[in-house]
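This report describes selected features of a predicted model.

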Amino acid sequence: MPQHFVNLPGAATLPTRQYQLAGQIIDDLIAESATGVVHGPAGTGKTYAVQAALERLRDAVPGPAGSQVSVCTLAFPAKPTMRLVADELLTALTGAVPPRSRNRFQLISALTDLLSGPRRLVVIDEAQRLNGDCIELLRHLHDHPHTRFALLYVGGDGCWEVLSREPMLASRVFRRLPFTRLDRPAVPALMRLYHPVYDGVDEALLLEIEDAYGKGMLRNWAVFTHAAVSLCRKAGTDRISAEVAGNVYAKLGGGIR
Amino acid sequence: MTGPTLREQLRDAGLSTWELGDLLGIHPHLVSDPHPLLTGRPVQVLIEIARRLDIHPADLVPELEPLLSHRRQDLGEDLGGQDGRADALTVLTALATARAPLSADQLARALGWQLPRAAAAIAATQDNPDLGGPLALRRIPPETWTVTPRLDVLTQVQRRALRDTTGAAILDDDQAHVLLAALAAGQKWQGGNYPALRAQPGWAAAEAALKEAGLIYSRSGPDEVHVSDDVRFSLRYTDDDHIARELGEPPLRAPVVIPPAWAGGTGPEARE
Amino acid sequence: MYVVDNAGDDLAAVRHINACGGPAEHRAVLRPTPGAGDVLTTGWDLLVAAGKPPHAARREHVTALSWEYGQAWLAGSGVTDLIIDRAHLLTRDQAAAAAAAAAAAKAGAAVWLLWGTGIDPYTPGYDGAPHLVAGARTQVISLWEFYQRLPAAAPPLPAAAEPGEPDDWPPLPAADFPTFLAACRRYLPRREFAQVARLYYDTAEAADAWLDTYGAPRDPRDGQLTPRFEAATAGWLRDSAIGPAPCGPAALVRLRAVQAALFVRAIVLSWRPGPLGPLPATRLPGNLTSQVAGALQTAVRTDAAAATALSAHLNQGPAFFGLLQLSDVAPDGSAIRVPPGRARPHRRGITPGAVGWYGQVLEADERSWRELATAEPILIPAHARPLFAAHLAYRRESGAASTDPYFAHPRDPANKPATDVLRAAIRSTAQRIGLDLPWLHGDDCRYGADIGLTWRGHSWPGERGLVLARTGPGQDQTITPPPPILPARPQWISDGPA
């Protein structure tokens with residue numbers, strides 16, 4: 001399993017609908033060699049969900065020849081150029097840095113060739129950083145009649161807004177999964193599954209924590225839980241209480257935000 | 001190859017269409033052929049493809065199958081001490097190779113063995129007649145050995161026919177001349193001058209060869225020859241009735257057509 | 001030229017153009033390299049659209065001539081529709097060059113520009129509007145209309161004039177032609193014999209028709225077969241009678257039928273398969289197969305592809321290829337006709353009329369020349385015609401006139417002969433595609449393409465062990481066998497297998 005945020009020991013994976021859909025969507029993209037987008041605000045668990053699905057792919061029992069999928073994950077710095085995207089992709093696929101003497105035609109021909117081989121999933125993280133030229137390159141590779149790979153864009157704030165501005169993507173997005181904040185009413189039940197420190201805790205307290213700190217963001221809950229576990233250990237208790245919660249607030253910024 | 005097409009297997013192994021096309025020396029568009037021709041490819045190409053696919057070479061080129069079952073050649077290998085059957089096989093092969101019957105000590109000397117081993121191998125051959133396949137071990141008195149064809153496989157008729165068969169022969173120029181003359185003027189009613197042609201140098205030998213091969217025959221004397229039905233059928237002078245009768249098939253009657261003169265007429269103008 | 005309004009950048013449009021096919025369907029799809037604004041890169045894209053591997057131009061050191069070769073290959077393939085994807089991303093120069101290439105490739109060829117952004121109303125003087133591509137007003141059509149006017153390529157029709165794989169044929173007897181058909185009848189099951197007999201009779205009848213058309217094959221002065229007939233026979237065997245056979249067994253049946261048809265006209269064509277090694281019948285079909293033509297299609301240099309194809313087809317080196325003129329080659333690459341009267345240089349270092357080994361060399365040269373320059377045209381197999389048409393287009397576009405050499409020296413066409421350059425090009429091309437041409441082994445190699453075989457000489461019949469007896473039986477013109485009966489084939493063969 002992927003690492004939980006802040007390496008929180010004892011945390012369980014929450015089987016939210018979005019988490020489950022992420023795996024199904026990736027399977028669909030691979031089956032159809034299609035394009036998909038997973039997006040949402042930072043801290044909603046999309047990266048975790050995608051990584052869990054990729055690990056499942058990696059650890060899958062080898063099936064018939066041709067059923068294995070190679071996964072290639074890339075993330076680019078702010079404002080990458082098309083050339084950078086091509087270079088990085090080629091490096092990821094071949095394991096070697098392409099020579100600088102290669103021109104754009106040679107690079108893209110080599111990429112087309114490589115992506116015509118075994119089935120692949122190419123994951124572009126932080127996709128909101130891509131500009132039109134970069135998306136055009138990926139579109140060119142994906143539309144080529146010889147290539148066969150699934151393309152997944154994963155991005156944070158503004159990702160969908162950036163991508164949906166490109167008409168070329170609108171007709172090509174086969175699956176889209178927005179990650180949103182947790183529904184408030186569902187939080188108490190989810191948190192009791194999330195970590196033993198919330199087991200049996202009063203619903204009112206959990207909702208108070210949600211309103212004060214969680215805000216429906218799994219990352220916030222991870223940070224809060226990490227601090228809460230530490231304080232519970234010091235207090236010699238295995239379950240959070242209102243007093244412990246208050247101390248956690250103080251550690252994380254002084255109370256209600 | 002059965003199962004997934006070669007193209008699918010190669011693609012799954014990471015070989016792109018262009019790379020495969022270059023490896024096979026064909027246009028990538030032709031790689032869509034489910035069974036691209038492999039038999040004409042250099043050995044290195046086949047090795048590379050088999051390596052990439054992790055498959056047996058005979059799965060790529062079925063013709064390799066019987067060859068790959070051959071034993072590896074190793075001159076230093078010596079199985080005889082442990083395996084009487086291997087020695088027996090060696091003796092049979094040696095006798096088939098030799099030009100004349102050999103005694104046990106002659107065999108031993110030729111094979112580099114001790115005499116007891118050669119004798120034991122001969123005894124093992126006698127005890128295992130199946131080892132010889134189509135050949136059987138024969139004793140030629142007083143104490144030599146050879147191999148001859150088994151007598152229990154062919155019928156007497158087959159043996160006789162094989163003895164009479166002279167082997168596939170190609171018509172040489174003299175024989176072609178004789179056969180042409182036989183077609184054009186072999187029979188008296190054709191009004192040709194076949195007897196005069198027979199006086200030409202080489203005619204007699206060619207005529208004899210054709211008769212022995214059954215292409216022509218004489219009934220009423222050497223100055224008249226007939227062309228066999230097989231030749232007449234093959235040259236489109238007749239249909240296949242004679243063969244149908246021979247095979248016991250009822251022949252189908254085809255309408256007989258009077259042959260026209262050659263379409264160009266006799267003695268057409270020279271083209272040049 | 002059409003601008004296709006693809007404002008929505010529809011994926012369906014991509015799927016459609018991917019299904020439009022390629023040069024084999026007389027179409028080409030140009031997919032511009034993203035981010036490349038230079039005409040040179042678009043030229044490389046054009047070569048890819050013409051079916052070349054992306055690295056081929058670099059491999060052959062012709063990257064600077066991508067437009068010239070791309071255009072020639074489009075012409076050679078008879079491309080009538082050039083589809084340019086992402087046309088809205090091309091610069092004006094790129095679009096103009098692509099349109100010009102299509103126009104030069106074929107008069108009347110259509111260019112389809114898929115425009116992936118909105119199309120504004122036409123404004124005069126507005127540089128870059130799709131209405132004004134390369135300075136010309138263009139018609140704008142919808143995607144739907146594009147699909148109607150240029151439908152997806154139809155799947156190829158299955159061709160099978162005769163069974164094309166060796167496994168489709170029964171094992172054939174080794175009997176020579178006088179008894180071949182009888183041996184087939186006697187030793188093959190009826191169904192298999194019917195398959196053999198149909199081809200045998202068809203081929204024999206075609207041979208009769210050809211011989212009737214040709215007329216007198218012999219010199220009336222001495223009764224020998226004329227050299228002209230010998231050369232014509234070689235060409236006919238190569239281009240019609242035996243060469244087009246799809247596999248060895250089919251070629252063998254055809255050969256036996258031809259031998260029988262010639263024999264009853266007192267013409268003896270012998271086949272000596274001994275020196276041909278195992279499976280000698282596999283050596284009979286022509287060498288310019290669809291696989292070889294397909295491999296040659298990966299070349300960018302049109303002269304290398306055409307010269308190698310011609311060398312494979314004729315089974316001779318390029319010694320006389322420099323004498324071909326543009327007017328000798330049919331526009332669609334279907335035929336080459338060299339007038340027999342064209343002057344040719346003789347081999348240097350050997351006196352005309354020499355005897356012995358030198359005499360044999362001169363005789364071999366004479367034979368090669370006669371097989372190249374005959375009254376009858378050299379027929380090119382359909383799958384190889386684009387190779388010749390492409391080079392013809394390249395030469396014409398280079399400014400060559402009809403009487404200029406078809407194969408010219410690439411750097412000094414006016415002064416230097418092309419022979420040495422062609423020889424090197426053929427050698428490297430053949431090596432790259434794994435084609436082992438016998439003449440490449442050189443005169444001192446006694447083994448041709450196989451181990452343990454004797455040198456057979458460089459000619460199409462010679463390479464196959466075929467010998468036409470110029471002297472011999474037919475010289476005695478009193479020996480004239482009667483013609484075969486017509487129709488000769490048993491009725492049950494015409495009616496189909498039992």
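Chain C of this predicted model is divided into three domains: domain 1 covers 2–149, domain 2 covers 167–284 + 470–494, and domain 3 covers 290–439. Taken over C-alpha atoms, the centres of domain 1 and domain 3 of chain C are separated by 33 Å. Their contact draws 17 residues from domain 1 of chain C and 15 residues from domain 3 of chain C. On the side of domain 1 of chain C that touches domain 3, helix 3 (56–59) and helix 4 (66–76) of chain C each supply at least two residues. Helix 4 of chain C has the largest share of that side, with seven residues. Sorted by class, the domain 1 side has 10 nonpolar, four polar and three charged residues.

Five strands of chain C make up an open sheet, ordered 2-3-4-1-7, and the pairing is parallel. Strand 2 (27–30) and strand 7 (139–142) of chain C are the edge strands, each pairing on one side only. From one strand to the next, the twist averages 25°. Within the sheet, strand 1 (residues 2–5) and strand 4 (residues 110–115) of chain C run parallel and are joined by four bridges. C:Asp5 has C:Trp115, in strand 4 of chain C, as its bridge partner. Helix 5 (residues 92–105) of chain C packs on this sheet, where it touches strand 2, strand 3 (81–84) and strand 4 of chain C. The direction of helix 5 makes about 155° with that of strand 4 of chain C.

Chain C also meets chain A: 16 residues of chain A are in contact with 15 residues of chain C. On the chain A side, helix 4 (104–114), helix 5 (132–143) and helix 7 (167–170) of chain A each supply at least two residues. Helix 5 of chain A gives the most, five residues. By class, the side of chain A that touches chain C has seven nonpolar, four polar and five charged residues.

Another element of chain A is helix 10 (residues 218–235), which has 18 residues. From its first C-alpha to its last, helix 10 of chain A reaches 25 Å, close to the 26 Å expected at 1.5 Å a residue. Its buried residues include A:Trp221, A:Phe224, A:His226 and A:Cys232. The buried residues of helix 10 of chain A pack against helix 8 (187–194), helix 9 (203–214) and helix 11 (242–251) of chain A. Just after helix 10 of chain A, A:Gly236 takes a positive phi of about 75°.

Chain B has 14 helices and five strands. Of the 272 residues in chain B, 26% are buried. Among contacts in chain B between residues at least 6 apart in sequence, 45% join residues at least 24 apart.

| Strand pair in chain B | Sense | Bridges |
|---|---|---|
| Strand 1 (residues 102–103) and strand 3 (residues 144–149) | antiparallel | two bridges |
| Strand 2 (residues 135–140) and strand 3 | antiparallel | six bridges |

Strand 2 and strand 3 of chain B form a hairpin, with three residues between them. B:Thr144, in strand 3 of chain B, stands opposite B:Ile140 and is also the bridge partner of B:Ser103.

Terms used: Residues numbered from 1 in each chain as written. Chains lettered and ligands numbered in written order. Predicted model: local features only at pLDDT ≥ 70, side-chain atom pairs only at ≥ 80, totals over all residues. Domains from an automatic or database assignment. Contact = placed C-beta atoms within 7 Å. Nonpolar A, V, L, I, M, F, W, Y, C, P; charged D, E, K, R; others polar. Pairing = 2+ DSSP bridges. Axes fitted to C-alpha atoms, helices over the stretch in contact; angles between N-to-C directions. Expected span 1.5 Å × (residues − 1). Buried ≥ 20, exposed ≤ 12 C-beta atoms within 10 Å, placed from the backbone.
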